Amino acid sequence: MASKETILAKIKSNRPNLWPLPDVPIFETSVTDKKKLFIQILERGGSKVHCIDDSSQIHQVITTHFPENNRMVSTLPLLEGMEGITTLHPDFYEGTEVAIIEGLIGVAENGALWVTENELGKVRVLPFIAQHLIMIISAKNIVGTMHEAYKALGLPTTSGFGVFIAGPSKTADIEQSLVIGAQGARSLLVIVTP
Amino acid sequence: MMPHAQKAAIFNKDEARTDWHDASLWMVRKKRDFAVSEIPEWEFLREFASDIKMHTLSKLDDYLESFEKAAIQNGAIVHWAADAKEHNDIVLSILNKHQAKKMVKSKSMLTEECHLNEFLEHHNIEVIDSDLGERIIQMLNEPPSHIVLPAIHLKKEEIGELFHRELHTEKGATDPQYLTEAARHHLREKFHTAQVALTGVNFGIAETGEIVVCTNEGNADMGVHLTPVQIHSMGIEKLIPRRSDLAVFTRLLARSATGQPVTVFTSHHRNPKPAGEMHIILVDNGRTEQLGKPDFRSSLKCIRCGACMNTCPIYRRSGGHSYETTIPGPIGSILTPGIDLKKHGQLPFASTLCGSCTDVCPVKIDIHTQLYKWRQIVSEAGLPEGGNKTMMSIMGSGLASPSFFHRLGNIGRKLLRLFPGKERFLSFTVWTKDRDLPKAPVESFREWYVKQTKDGQ
């Protein structure tokens with residue numbers, strides 16, 4: 001407690017005069033086809049994108065990309081026959097080959113998809129621990145910029161964890177050579193529904 | 001401590017390696033330029049980011065209290081640390097409370113600054129740095145040489161040899177894909193067996209009490225979500241007022257750092273996971289001192305992107321280790337003299353004052369102006385000793401008196417004619433160490449001008 005008082009007192013005596021807080025406008029993208037830009041940026045960052053006309057095709061797309069009968073964990077109710085969330089113990093999900101989750105907002109300018117712990121069945125580690133990740137997003141939920149995304153998100157009320165995911169896990173720590181698949185998912189497949 | 005210039009000279013002995021280091025960083029700078037060119041409002045964003053940070057600093061005490069209140073309401077435990085020692089003691093007490101002996105850590109320059117690893121190891125805690133670059137240098141027992149690219153100074157052959165020794169990879173294997181895969185397996189096991197995870201913090205949000213961590217590898221999230229106890233160490237200057245301010249900063253950070261449009265993961269942690277525990281440590285460690293220095297307080301706006309390092313001609317050709325500070329390069333050279341002027345007073349001179357750092361800084365810190373201002377302070381304090389001072393006083397009196405200047409010019413030209421090539425007689429200054437002086441002209445402009453006016457009449 002003592003340090004808190006010391007730090008705050010030091011700030012009070014050392015801080016500069018009040019500097020005004022700017023109102024930041026909601027910058028929008030000049031690109032008209034946001035979906036196209038979203039796909040382009042995702043692919044540039046090493047993700048795969050698959051567009052479908054009807055949600056009923058999701059299952060088929062998944063089996064096309066992952067034909068082998070691997071351990072797949074999904075938090076989506078529509079994907080019957082797949083493993084759902086049965087325990088909150090995170091270590092249980094080690095060995096998950098593919099995790100399938102829903103993205104709430106897609107950002108065209110950087111290919112990021114927003115997901116909260118509610119879409120993860122409260123298993124926060126799921127999109128990181130799985131070897132491969134599939135995210136499903138509706139084209140209706142693609143916005144242009146991060147400003148629009150945060151405006152749509154508002155303040156968190158029901159979730160204690162949220163993350164923007166913009167591709168497969170990657171590193172360039174060895175001689176600046178890009179390696180896809182560092183500690184998290186080795187690949188990201190984004191399925192865009194209407 | 002060896003001065004920067006001396007360390008840089010050692011670094012420069014291997015010319016091919018220096019060129020390679022230079023080129024690697026310049027490539028990152030070019031990627032940044034491309035990423036920036038995609039945002040038409042880039043300059044506005046820099047201005048907004050700068051103003052948001054300055055505003056936060058001007059009300060930092062209020063915002064810290066709002067942040068703490070919100071974080072506690074969320075269910076986090078908030079600690080305050082006046083200095084590195086208190087920070088380290090808090091971390092150790094959390095570990096002891098849970099009888100934890102193993103901790104995974106994701107990249108955090110603050111814990112480097114506090115020398116947390118050495119402290120915990122001394123108390124028999126196993127600390128595993130989980131970012132690939134950090135893990136590499138931890139195995140080598142070296143500090144990071146760059147704040148975003150910690151192992152940028154190492155060749156893949158050296159990493160291959162290290163991994164062969166430590167992780168039993170094949171001898172002679174140097175493929176980055178293969179080596180990264182080996183580290184992935186090695187680290188997965190650590191994530192599952194550690195009891196505590198510690199991360200740094202990119203942004204703390206005053207209105208929500210959230211902390212935001214930006215990574216590419218996913219290592220911070222693997223640690224935080226797999227261990228029961230999560231600790232976030234945060235410098236007090238990392239605060240921003242509103243959640244929506246993240247739009248500005250996430251657009252600036254990765255583009256400036258690596259030229260990516262955004263980091264792969266931007267994680268917002270608000271409360272502990274089910275049955276978990278979440279600690280946030282707010283650390284001062286000299287920041288309030290810096291806040292009290294009007295000329296230098298804006299250095300606290302820094303968001304640690306590393307762009308000033310990638311662009312700096314001195315950093316690129318001297319390497320991060322030559323600075324002997326936690327944060328090397330231009331930003332480190334204005335942050336550290338305030339901590340220990342005697343030890344780090346030479347760093348503001350490790351610059352050409354070209355201003356490229358200021359140009360690329362996403363939060364508009366006037367880095368080169370502050371480097372110049374530190375030089376004044378260092379010189380007034382009587383530091384540094386050596387050749388520069390002698391040269392400066394000769395130049396000073398020479399330029400102040402026209403007749404002396406004239407005579408000095410004459411002598412100089414004569415000497416240049418007598419000893420052409422490497423000007424050994426100037427060896428008391430470092431200027432001629434790697435430079436040849438130009439051929440001496442037959443006459444000076446003044447002599448020529450006098451002749452012209454005479455002939456013309």
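## A tour from the strand across two chains

Start by selecting A:Phe161 and its bridge partner in S9(B), which is B:His269. Strands pair here if DSSP finds at least two bridges between them. Helices (H or I, at least four residues) and strands (E, at least two) are DSSP runs, numbered from the N terminus.

Some housekeeping before you click on. Residues are numbered from 1 along each chain as its sequence is written, while chains are lettered from A and ligands numbered from 1 in the order in which they are written. This is a predicted model, in which local features need pLDDT of at least 70 and side-chain atom pairs count only at pLDDT 80 or more, while totals for chains, interfaces and linings use all residues.

**Stop 1: the shared sheet**

On the chain A side, pick strand S4 (105-107) and strand S5 (112-116), which run antiparallel and share 3 bridges. A:Gly106 sits opposite A:Leu113 in S5(A). Axes are lines fitted to C-alpha atoms, for helices over the stretch in contact, and angles run from 0 to 180 degrees between N-to-C directions.

Next, pick A:Pro156, in the loop between H5 and S8 of chain A. Leaving out residues up to four places away in sequence, A:Pro156 touches A:Gly162, B:Thr208 and B:Arg270. Contact means that the C-beta atoms, placed from the backbone, lie within 7 Å. A:Pro156 has 19 C-beta neighbours inside 10 Å, so it counts as partly exposed. The cut-offs: buried is 20 or more other C-beta atoms within 10 Å of a residue's own, exposed is 12 or fewer, and partly exposed is in between, with C-beta atoms placed from the backbone.

**Stop 2: the interface**

Show both chains. In all, 69 residues of chain B are in contact with 59 residues of chain A. The chain B side of that divides into 31 nonpolar, 22 polar and 16 charged residues. Ala, Val, Leu, Ile, Met, Phe, Trp, Tyr, Cys and Pro count as nonpolar, Asp, Glu, Lys and Arg as charged, and the others, Gly among them, as polar.

**Stop 3: the parallel sheet of chain A**

Select S1, S11, S6, S3 and S2 of chain A: in that order, these 5 strands form an open sheet with parallel pairing. The edge strands are S1 (48-51) and S2 (72-74) of chain A, and the twist averages 20° from one strand to the next. S1(A) is joined to strand S11 (187-193) of chain A by 4 bridges, and A:Lys48 stands opposite A:Leu189 in S11(A).

**Stop 4: helices of chain B**

Is helix H11 (219-226) of chain B enclosed or exposed? Largely enclosed by the rest of the structure, because 8 of its 8 residues are buried. Among them are B:Met222 and B:His225.

Move to helix H19 (367-380) of chain B, whose 14 residues reach 20 Å from first C-alpha to last, close to the 20 Å expected at 1.5 Å a residue. That expected span is 1.5 Å times one less than the number of residues. Highlight the buried residues of H19(B): B:Ile367, B:His368, B:Gln370, B:Leu371, B:Trp374 and B:Val378. They cover an arc of only 150° around the axis, which puts them on the same side of H19(B). The arc is that of the directions from the helix axis to the C-beta atoms. Facing away from that buried side are the exposed residues B:Gln376 and B:Glu380. Covering the buried residues are, among others, H14 (307-311), H16 (329-335), H17 (341-344) and H18 (356-360) of chain B.

Finish on helix H2 (15-37) of chain B, where B:His21, B:Leu25, B:Val28, B:Arg32 and B:Ala35 are buried. These pack against H12 (245-257), H14, H15 (313-316) and H18 of chain B.

How values were computed
Two residues are in contact if their C-beta atoms, placed from the backbone, lie within 7 Å.
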